[in-house]
Amino acid sequence: TGTTLYPTVAITAPANNTSVTAPATITFTATASETGGTIANLAFYNGTSLLGTTTTSPYSFTWTNATPGTYPITAIATDNLGNKTTSSAVSITIASAPIISLHAGWNYIGCPLKTSNAIASALSSIWANVLIVKNLDLFYSSVNTPALNTLTNLQWGQGYYIKVSAACSLDWIAR
């Protein structure tokens, strides 16, 4: 009789202790192999809840609209004989988007979004109240024709003066 061989599996992305802001889209990738057999499928789990399964290498799954919380993510590889191995857990933290209360008139805000975002998308939660947005170089006005607005994107880490018509709450979720 031979020795039962079990698959090997490891999550390769994202890294352990990764933090993102909700609503999050996270792509998980993993490697898996089996000596003397084949990998039948690889399943990604949040604790004991199945997120998704894949049968082809490279093994990946995209989790969309993930909500705030800290999650232990594992991958379970199953070989062609039904033998299973569970990867080490990777901890993923999804933080709530920061909410900023603005008062009617001028406000100064910093952009926490990690990438460049179209101004209407970045300010979607307050867009109906936006009158003017400017920084030291560029300008947006809701009454201008689009060709006259030089400020079209908000950048991570940049500060902006924003004039709103009424008190409102900016949730920094780009929509």
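Start by selecting tryptophan 106, which sits in strand S11 (residues 105-110). Strands here are DSSP runs of E with at least two residues, numbered from the N terminus. What you're looking at is a predicted model, where local features need pLDDT of at least 70, side-chain atom pairs count only at pLDDT 80 or more, and totals for chains, interfaces and linings use all residues. Residue numbers run from 1 along each chain as its sequence is written, and side-chain values use heavy atoms, with hydrogens and water left out.

**The surface patch**

Together with Trp106 they make a nonpolar surface patch with about 350 Å² of accessible area. A patch takes residues with over 30% relative accessible area and no salt bridge, joining nonpolar side chains (Val, Leu, Ile, Met, Phe, Trp, Tyr) within 5 Å and like charges within 9 Å. A salt bridge, for the record, is a side-chain nitrogen of Lys or Arg within 4 Å of a carboxyl oxygen of Asp or Glu. The areas come from the Shrake-Rupley method with a 1.4 Å probe, and for residues only the protein chains shown count as cover.

Next, select residues 69-79, which is strand S7. Eight of its eleven residues are buried, so the rest of the structure largely encloses S7.

Bring in strand S4 (residues 39-46), which pairs antiparallel with S7 over seven bridges. To call two strands paired, DSSP has to find at least two bridges between them. Zoom in on alanine 43 and you'll find isoleucine 76 of S7 opposite.

Then show strand S9 (residues 90-95): five bridges link S9 and S7, again antiparallel. Pick isoleucine 73, whose bridge partner in S9 is valine 90.

Strand S8 (residues 84-86) is the next stop, joined to S7 by three bridges and running antiparallel. Here isoleucine 76 faces threonine 86. The S7-S8 hairpin has four residues between its strands, and in this hairpin glycine 82 takes a positive phi near 90°.

**A three-stranded sheet**

Clear the view and show the open sheet of three strands with order S1-S3-S6, paired antiparallel. Strand S1 (8-13) and strand S6 (59-66) are the edges, each pairing on one side only. Neighbouring strands in this sheet are turned by 25° against each other on average, direction ignored; the axes are lines fitted to C-alpha atoms, and angles run from 0 to 180 degrees between N-to-C directions.

Five bridges tie S1 to strand S3 (residues 24-33). For one of them, click alanine 13 and find its partner in S3, threonine 29.

**Last stop: serine 142**

Finish at serine 142, in the loop between strand S14 (139-141) and strand S15 (153-154). Serine 142 is partly exposed, at 35%. Leucine 131 is eleven residues away from serine 142 in sequence, with 5.2 Å between their C-alphas.

Terms used:
Buried means under 20% relative accessible area, exposed over 50%, partly exposed in between (1.4 Å probe, protein chains only).
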